[in-house]
Amino acid sequence: KVDPYPFYIGVRKSKEGFGKTNEPVDFDLVTLLSDETEQVVPSLKVQVSKIIWNNVLKKDENGSYRYVTDSKEEVVEQNVVNMATAHGRYQFNPKDWGEYIIRVSGPALGNHSTAVKFYVSGPWDSQSWAMEKPERINLKFDHEKYNIGDTAKLLVQAPFKGKALIVCSTDSVVFSASMDLGAVSQEVEIPVTQEFSPNAYC
């Protein structure tokens with residue numbers, strides 16, 4: 001077996017949840033061999049980019065109108081992390097809200113690289129995602145799992161402003177709220193109660 005890379009890089013957010021503007025977002029870094037043993041790499045290159053979405057309403061050959069979406073990445077930060085061990089940490093301080101991607105790569109050309117997308121919450125008063133399916137509403141929770149007594153934060157990404165009905169249920173409705181989406185993206189706080197156990201769906 002021949003490995004294409006001399007080592008592999010792992011990256012993850014240190015804590016679950018959405019980031020906040022002007023507050024540090026931490027990432028854990030690790031470097032490993034293919035057999036998952038730790039391998040010290042003196043330095044890693046880090047690049048953080050903001051994802052910018054462009055949505056244009058175009059007329060197709062059938063005379064129907066549809067959204068055409070493309071995205072670009074705008075580099076906001078580049079750094080080198082010195083690694084004394086196989087484990088390291090990188091801290092990014094976002095100045096603006098939106099969707100970001102962090103890429104971590106080895107010091108040499110052709111080394112392994114990895115990436116993680118993350119969100120930074122804010123006023124959410126302008127479009128920041130694809131609208132190729134404008135009839136779809138995207139829902140994103142700030143955590144994968146919750147304990148009873150937690151407050152879940154739900155990011156509602158709607159194509160247009162308007163009224164929304166948020167419902168969470170098991171075999172019955174355990175939470176519902178009607179709200180006006182004053183922005184095309186908005187956070188909703190949902191208290192997690194005993195009725196949500198063992199699983200609930202929104």
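## The model and its strands

What you see is a predicted model, where local features need pLDDT of at least 70 and side-chain atom pairs count only at pLDDT 80 or more, while totals for chains, interfaces and linings use all residues. Residues are numbered from 1 along each chain as its sequence is written, and side-chain values use heavy atoms, with hydrogens and water left out.

How many helices and strands does the protein chain have? The count comes to zero helices and 13 strands, so the pattern along the sequence reads β-β-β-β-β-β-β-β-β-β-β-β-β. Both kinds of element are DSSP runs numbered from the N terminus: helices are H or I with at least four residues, and strands are E with at least two. Of the 202 residues in the protein chain, 35% are buried. Here buried means under 20% relative accessible area, exposed means over 50%, and partly exposed is in between (1.4 Å probe, protein chains only).

## A hairpin and a neighbouring valine pair

Strand S11 (residues 162-169) and strand S12 (residues 173-181) run antiparallel to each other, paired over eight bridges. Two strands pair if DSSP finds at least two bridges between them. With three residues between them, S11 and S12 form a hairpin.

Valine 68 sits in strand S5 (residues 65-82). Its relative accessibility of 28% makes valine 68 partly exposed. Between valine 68 and valine 56 there are 5.3 Å in space, C-alpha to C-alpha, and twelve residues in sequence.

## Rings that meet

There are seven aromatic pairs in the structure. One of them joins tyrosine 5 and tyrosine 8: the ring centres are 5.7 Å apart and the planes are at 85 degrees, so this pair is edge-to-face. For the rules, rings of Phe, Tyr and Trp (its six-membered ring) pair if their centres lie within 6.5 Å; planes under 30 degrees apart are stacked, over 60 edge-to-face, and the rest tilted. Both tyrosines are partly exposed, tyrosine 5 at 30% relative accessibility and tyrosine 8 at 23%.

Another edge-to-face pair brings phenylalanine 27 and phenylalanine 118 together, with 5.0 Å centre to centre and 65 degrees between the planes. Phenylalanine 27 belongs to strand S3 (residues 25-32) and phenylalanine 118 to strand S8 (residues 113-121), so the pair ties together parts that are 91 residues apart in sequence.

Tryptophan 97 has a charge over its ring: the charged end of lysine 50 sits 5.8 Å from the ring centre. That label asks for NZ of Lys or CZ of Arg within 6 Å of the ring centre and within 35 degrees of the ring normal.

## Two pockets

The largest pocket holds about 460 Å³ of space. Its lining has 20 residues, and Glu144, Tyr146, Phe196, Asn199 and Ala200 lie nearest the centre. By class, that lining has 13 nonpolar, five polar and two charged residues. A pocket is an open set of points on a 1 Å grid over the protein atoms alone, where a 1.4 Å probe fits, with protein on both sides within 12 Å along at least five of seven lines; lining residues have an atom within 4 Å of a point. Points are joined across faces, edges and corners, and the volume is the space filled by probe spheres set on them. Ala, Val, Leu, Ile, Met, Phe, Trp, Tyr, Cys and Pro count as nonpolar, Asp, Glu, Lys and Arg as charged, and the others, Gly among them, as polar.

The second largest pocket has about 360 Å³ of space. Lys15, Glu16, Phe18, Gly19 and Pro24 lie nearest its centre, among 18 lining residues. Strand S2 (19-20) and S3 each give two or more residues to this lining. Its classes come to three nonpolar, five polar and ten charged residues.

Most residues other than glycine have a negative phi, and most peptide bonds are trans. Asparagine 22, in the loop between S2 and S3, has a positive phi of about 65 degrees. Glutamate 36 also has a positive phi, near 75 degrees; this residue is in the loop between S3 and strand S4 (43-59) and is exposed, at 64% relative accessible area.

Which peptide bond is cis, with omega near -5 degrees? The bond from serine 197 to proline 198 is, and proline 198 is in the segment after strand S13 (185-191).
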